[in-house]
Amino acid sequence: MRKEHYNDRCICGADAGYSNCCSPFHLNKRIPMTPEELMRSRYSAYALANTDYIKKTMLGRPLIEFNESEAKAWSESVIWLGLEVISARNESMDRGFVEFIARFLEGSKPRSIHEISEFKWVDEQWYYVNGTYPENHKKSLPMKIGRNSPCPCGSHKKFKNCHG
């Protein structure tokens, strides 16, 4: 999604503008109250290369294995096109899951990440604790987008006239 769209619609795809959606989370003015809110705010943080926020919203193995400089370099090197939340559910009061597809351009190639993220409620806050990929999907799988297809960033322009 292009930065000029951030005022009309949040980077995470919600209808609210960024300043009323994910920005309060990024600025520590509010905390996400659902796993979906946390996942959306983490997607926005990746789109903005806000690795401080990404790091502070994870626990366990993801936090131990997190390389902040690599994450920042990668998130700045791609063009973020959009987020599709497929499902969000709480298994219990302190455990939830969100399945999503994050779309981006890497170089000139459209790609996506399809993940089922696991979140835990710890010390009055949700944290990302694990992510798995559905069996039929691989990380950064190339997407097929025709030049005359609508751009997946949501601009309502043809892909070739927007991000293509």
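Cys10 is buried, at a relative accessible area of 0%. Buried here means under 20% relative accessible area, exposed means over 50%, and partly exposed is in between, with a 1.4 Å probe and protein chains only. Cys22 is buried as well, with a relative accessible area of 1%.

Before I go on, the ground rules. This is a predicted model, where local features need pLDDT of at least 70 and side-chain atom pairs count only at pLDDT 80 or more, while totals for chains, interfaces and linings use all residues. Residues are numbered from 1 along each chain as its sequence is written, and side-chain values use heavy atoms, with hydrogens and water left out.

Back to the cysteines. What is the closest cysteine sulfur to that of Cys10? It is the sulfur of Cys22, at 3.6 Å, too far for a bond. A disulfide is taken as a pair of cysteine sulfur atoms within 2.5 Å. The structure holds zero disulfides.

Now the overall layout. The protein chain has five helices and five strands. These are DSSP runs numbered from the N terminus: helices are H or I with at least four residues, strands are E with at least two. Reading from the N terminus, the order is α-α-α-α-α-β-β-β-β-β. The chain has 164 residues, and 44% of them count as buried.

Contacts next. Contact means heavy atoms within 4.5 Å. Among contacts in the protein chain with a separation of 6 or more, 43% link residues 24 or more positions apart.

On to the strands. Two strands pair if DSSP finds at least two bridges between them. E2 covers residues 95–106 and E3 covers residues 109–122; they run antiparallel, joined by twelve bridges. Within that pair, Ala102 has Ile113 of E3 as its bridge partner. The E2–E3 hairpin has two residues between the strands, and Gly107 takes a positive phi near 70 degrees.

E3 then pairs with E4, residues 125–132. Seven bridges join these two, again in an antiparallel run. Val122 has Gln125 of E4 as its bridge partner. This hairpin also has two residues between its strands, and Asp123 in the turn has a positive phi of about 50 degrees.

Stay on E4 for a moment, because Asn130 lies there, and strands are DSSP runs. Is Asn130 buried or partly exposed? Partly exposed, at 33% relative accessibility. Not counting residues up to four places away in sequence, Asn130 touches Pro62, Ile116, Ser117 and Glu118. Take Glu118: twelve residues from Asn130 in sequence, yet 5.0 Å away in space, C-alpha to C-alpha.

Now the core. A nonpolar core is a set of buried Ala, Val, Leu, Ile, Met, Phe, Trp, Tyr and Cys residues joined through side-chain atoms within 4.5 Å. The largest one has 28 residues, and Leu83 and Phe119 touch the most other members. Helix H2 (35–47), helix H3 (51–56), strand E1 (78–92), E2, E3 and E4 each supply at least two of its residues. Which element gives the most? H2 does, with five residues. In soluble globular proteins, nonpolar side chains tend to be buried together.

What does Leu83 touch? Leaving out residues up to four places away in sequence, the list is Cys12, Met39, Arg40, Tyr43, Phe100, Ile101 and Ala102. Ala102 is the residue whose bridge partner is Ile113.

His26 sits in helix H1, residues 23–26. His26 counts as buried, at 10% relative accessibility. Its side chain makes a polar contact of 2.8 Å with the side chain of Tyr18. A polar contact is a pair of N or O atoms within 3.5 Å; within protein, one must be able to donate a hydrogen and the other to accept it, and residues adjacent in sequence count only if both atoms are side-chain atoms. The His26 side chain also reaches the backbone oxygen of Ser41, at 2.8 Å. Beyond four places in sequence, the contacts of His26 include Ser44, Ala45, Leu48, Asn50 and Tyr53.

Ser41 itself is in helix H2. Ser41 is buried, with a relative accessible area of 0%. Its side chain reaches the backbone oxygen of Leu38 at 2.8 Å. Not counting residues up to four places away, Ser41 touches Cys22, Phe25, His26, Pro32 and Tyr53. That brings us back to Cys22, whose closest cysteine sulfur is in Cys10.
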